[in-house]
Amino acid sequence: MSLPKGLAEDVSKNLVMVARLIDEDPEAAYAYSKIALRLASRVAAVREAAGFAAYANQKYSEALAEFRAARRMTGSVDLWPVMADCERGLGRPEKALEMAGAAEVHKLDKAGQVEMRLVAAGARRDMDQLDAAIVTLQSPELASNSVQPWTARLRYAYADALLAAGREGEAREWFAKAVESDKDGSTDASDRLAEIDGVEFVDAFVEDDEDDSDTVIDAEAEVEAEVDDEVEPQDDVSVVDESDDEDDDIEDDDIEDDDEDEDDGVEAAAESEDDVVKEDVVKDDVLLKEDDDDKN
């Protein structure tokens with residue numbers, strides 16, 4: 001089905017975002033798939049993308065409905081394995097096994113057939129049939145020395161089933177083989193192998209950060225203790241403000257100077273008055289003497 005140019009561009013942008021985010025941010029991918037689905041629900045690619053986004057968020061019922069719609073539109077069987085795995089997610093492993101034995105499986109390419117084998121083995125394990133799961137995974141693809149895109153996942157699933165069955169020695173061998181073929185790190189086979197060997201990995205950077213944090217905390221505690229010692233008041237010791245004493249001394253000196261000036265002024269005034277009185281007495285004596293002379 002063709003879409004108008006503008007609409008087709010909008011749908012394509014949303015589908016690109018679904019593909020880009022589905023591994024690192026499934027919820028965001030699911031949101032973009034919903035937008036694309038609203039814009040073009042009759043496009044098979046949109047229904048398929050919506051199915052994978054729902055599957056990544058463990059919305060198995062919704063995912064199965066979208067995959068079935070896409071399959072009806074295209075007539076392709078490519079989605080058959082993931083549809084069977086949705087049945088497992090819905091708690092119906094028997095249905096998944098039924099699909100693993102259907103005629104559609106023979107129409108799948110090699111990658112699809114290996115994927116179907118993985119789903120069937122998982123369904124056996126869901127039903128606590130460990131030995132049957134191990135046998136299901138034993139195949140020419142597992143025994144092959146050539147490395148294909150599915151090789152690491154197939155070897156990993158086989159090793160995990162062996163370990164669950166208590167066959168640790170064989171499990172270790174196949175985890176090691178999974179590590180050899182896992183070039184892009186699609187599994188945690190190396191971690192599982194280390195776990196069997198009892199190897200523990202220590203993140204040196206995390207320890208260094210913790211040590212640095214402890215050092216900072218200790219240093220801060222020492223500084224706070226020193227500050228507390230410096231400002232802690234001593235017993236029976238009064239705090240004296242020397243600046244206030246200096247001001248008081250200056251004020252006292254000023255007062256004493258003022259008092260001395262006032263005393264000097266008073267003494268000077270008294271002496272002046274004495275001089276005036278003495279002068280007046282002398283004058284009076286002179287006048288009296290002149291009067292006596294006139295009378296004589």
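Student: Which residues have the most contacts inside the largest nonpolar core, and what makes it a nonpolar core?
Tutor: The largest nonpolar core has 30 residues, and those with the most contacts inside it are Phe67, Leu79, Trp80, Met83, Ala84 and Met116. The name applies because a nonpolar core is a set of buried (under 20% relative accessible area, 1.4 Å probe, protein chains only) Ala, Val, Leu, Ile, Met, Phe, Trp, Tyr and Cys residues joined through side-chain atoms within 4.5 Å. This is a predicted model, in which local features need pLDDT of at least 70 and side-chain atom pairs count only at pLDDT 80 or more, while totals for chains, interfaces and linings use all residues. Residues are numbered from 1 along each chain as its sequence is written, and side-chain values use heavy atoms, with hydrogens and water left out.

Student: Which residues does Met83 touch, not counting residues up to four places away in sequence?
Tutor: Met83 touches Leu64, Phe67, Arg68, Arg71 and Met99, where contact means heavy atoms within 4.5 Å. A second, separate core has 21 residues, among them Leu137, Leu142, Leu162 and Phe175.

Student: Why is the pairing of Glu87 with Arg92 called a salt bridge?
Tutor: The closest N and O atoms of Glu87 and Arg92 are 2.7 Å apart, and a salt bridge is a side-chain nitrogen of Lys or Arg within 4 Å of a carboxyl oxygen of Asp or Glu, so the pair qualifies. The whole structure holds 15 salt bridges.

Student: How do you know whether Glu87 is buried or exposed?
Tutor: Glu87 has 2% relative accessibility and therefore counts as buried.

Student: What makes Lys95 and Glu98 a salt bridge, and where do they lie?
Tutor: Their side chains meet at 3.9 Å, N to O, and both residues lie in helix α6 (residues 93–100), three residues apart, about one turn of the helix. Lys95, at 34%, counts as partly exposed, whereas Glu98, at 53%, is exposed.

Student: What does the salt bridge between Glu141 and Lys110 tie together?
Tutor: The closest N and O atoms of Glu141 and Lys110 are 3.0 Å apart. Glu141 lies in helix α9 (residues 140–143) and Lys110 in helix α7 (residues 110–126), so the pair ties together parts that are 31 residues apart in sequence. Glu141, at 15%, counts as buried, and Lys110, at 41%, is partly exposed. Elsewhere, salt bridges that share partners join Arg68, Glu87 and Arg92 into one network.

How values were computed:
Buried means under 20% relative accessible area, exposed over 50%, partly exposed in between (1.4 Å probe, protein chains only). Helices (H or I, at least four residues) and strands (E, at least two) are DSSP runs, numbered from the N terminus.
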